[in-house]
Amino acid sequence: MAEQPEMAVLRSRGDGLFARASVIPLALRLLSIGPVLILVLLAVLFSLLTPNFLKPGNLGNIAAQTAVIAIVAIGQHLVILTRGIDLSVGANLALATVIGGLVFRSFDSAILVMLAMLLSGSAVGAVNGLVYVFGRLPHPFIITLASLSICRGLALELAIGHTTMRGMPELITTIGGASTFGVPNSLFVVLIVTGLAVLMAKAMVWGRWIYAVGGNPQAALGMGIPVRAVLVSTYVISGLCAGIGAIMLAGRTAASSPLYGNLLELDTIAAVIIGGASFLGGRGHIGHALVGAVMIGVIRNALNLLNVDVFFQMIALGLIIVMAVEADVLRNHLEARARVVQASRTQ
Amino acid sequence: MTEAPAAPVLAVRHAQKHFGAVHALKDVSIEAYRGEVLALLGDNGAGKSTLVKCISGIHPLDEGEIVLDGQVVAIRSPAAARRVGVETVYQDLALFDNLTPAQNFYCGREIAFPAWLPQGLRFLRGRAMDQEAAAVIERLKVKLPKFDAPVALMSGGQRQAIAVARATVFARKVVILDEPTAALGVRESRKVLDLIVQLRAEGNAVILITHNMEHVIELADRAVVLRQGRKVGEMKPDRDNQRKLVALIVGAEV
Ligand SMILES: Nc1ncnc2c1ncn2[C@@H]1O[C@H](COP(=O)(O)OP(=O)(O)OP(=O)(O)O)[C@@H](O)[C@H]1O
Ligand SMILES: [Mg+2]
């Protein structure tokens, strides 16, 4: 009964709907499943608009086109979980394909080529993380931006004027481009990477530390968590994911190119945010990145089928990002209100 | 209160701390005893937080030593402080908003397996941590709306109770509370004060920083006053010397 006057105050502040305590958890739950809901609605809408959308061949297309974004977005998601950002992923991927292509010229070994790409990707990630943490930079924006420029330049330099270098070992083209029982192999890679990432993020202590560092870096230090190592590790994993993405893309096209991965940083950041992770750090499931990546793939694919031109696709994607960020703002607002309601309920 | 035992569990001797030109601690010595609440008092900027941050491993002392159970210890990190049995609830509330109460409890010392792997690579025992945290919350009679929701959704008092409860679980010698009731209303403060009484009853040395003289008089067995980085007094706080205590804090003559 004691809460009556306080509730009245809440309502009189004009917060309308959300002053009702019971509405807040419901709204928060809706927000958390929102992206999946929207994805399903989009799929239904597109399948009504264009009959080709749901055909197995087209779904395979979406999977193949989304695989690279999805894998790299998973790495990006870990970085964003720690309140960071990795702008270098696209250029990193391009550099990895070029290095893979150069290795292929000298050694006809799929294993060596793949190792080179993975190593190149992780090394760039390690440099990003180490410079960010030990160079005491205020934000990883700058270093990963610099790294974007350096990697792209290096890739162009190493490719000595070629925009594409043809040829990839058969194993790699099979992984990136072929299908098994009609399911693109790249889809299996996405599932394996997702599975490993979820295992690390949810079941392992290291994953818990990533969330802790994102949630409250100061407190994480106070709790004895190796914050610097955790931060660096997320950039290494993001780079590794760019390396895996490089294998997928080089495999699908049977080529490497210093121009690959253009604007991939935007696609992956968009995937993470659209999927429902928060820029405030420490919030979001790995699945969010996946949902976001699929959503981007679905929208692009459907608008292609509907012959909507590519400029409009970019505008649509931008609008969706704005909506996703607004949803994040709304979520934080609701959480703040939930706190007030809790305080007024303390008996 | 009972007679304080002869040997202090914690002693800080001749602590000096500079932040650039700021001389934050000037030859400060304090002692804390088991089963006793020691109030650490002083005006804003007196050096209270700095002193406890030195004890809990956030800042190194420039000079002086920290003695635990008669042994000089080097506390180089927060983790080291917790290893030797010093738990701290920081002024700025070191909770993780995005984690649940149980995850907060065990953050940085997760129950995990297998033991032969380094801690970071082990797998979490989520259920064990949930159960033990729930048992503690229950024992301390902390009321939470939902046990599996992130603490972002909880009130200031509930959050502070979680932070204090976390300290109770792991404290073995000393619990330091830096303004634990600063942001709380009357009812929520009461809950935290009850927890402090419980901590003391369980045999911890409690160091309590607060600006609330009522709380000091009600709870503290002893009070140490800092002013501009110097220890300017020590007494047993009660109604009769409350004015004297306040005068010491602000530096006025009585
Ligand atoms: N990290 C730091 N860097 C520089 N100066 C600092 C730092 N921490 C504290 N100080 C300075 O040291 C002095 C003591 O600060 P401290 O935080 O210990 O005061 P306090 O007694 O806890 O005050 P309050 O009651 O406001 O919390 C102040 O002058 C403060 O500005
Ligand atoms: Mg302070």
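Me: How many salt bridges does the rule count over all chains?

Reply: The count comes to 15 salt bridges over all chains, a salt bridge being a side-chain nitrogen of Lys or Arg within 4 Å of a carboxyl oxygen of Asp or Glu. This is a predicted model, in which local features need pLDDT of at least 70 and side-chain atom pairs count only at pLDDT 80 or more, while totals for chains, interfaces and linings use all residues. Residues are numbered from 1 along each chain as its sequence is written, chains are lettered from A in the order in which they are written, and side-chain values use heavy atoms, without hydrogens and water.

Me: What makes B:Glu36 and B:Arg222 a salt bridge?

Reply: Their side chains meet at 3.0 Å, N to O, and the limit is 4 Å, so the pair qualifies. B:Glu36 is in strand 3 (residues 36–41) of chain B and B:Arg222 in strand 11 (residues 222–227) of chain B, 186 residues apart. Strands (E, at least two residues) and helices (H or I, at least four) are DSSP runs, numbered from the N terminus.

Me: Why are helix 7 of chain A and helix 8 of chain A called roughly perpendicular?

Reply: The axes of helix 7 (residues 170–177) and helix 8 (residues 185–203) of chain A cross at roughly 80° and come within 5 Å. Angles of 65 to 115 degrees count as roughly perpendicular, and the two helices are therefore given that description.

Me: Which residues of helix 7 of chain A meet helix 8 of chain A?

Reply: A:Thr174, A:Ile175 and A:Gly176 meet A:Asn185, A:Ser186 and A:Val189, where contact means heavy atoms within 4.5 Å.

Me: What is found between chain B and chain A in salt bridges and in polar contacts?

Reply: The count between chain B and chain A is 0 salt bridges, whereas 8 residue pairs are in polar contact, both residues at pLDDT 80 or more. A polar contact is a pair of N or O atoms within 3.5 Å; within protein, one must be able to donate a hydrogen and the other to accept it, and residues adjacent in sequence count only if both atoms are side-chain atoms.

Note on methods: Axes are lines fitted to C-alpha atoms, for helices over the stretch in contact, and angles run from 0 to 180 degrees between N-to-C directions. Angles under 35 degrees count as roughly parallel, over 145 as roughly antiparallel, 65 to 115 as roughly perpendicular and the rest as oblique.
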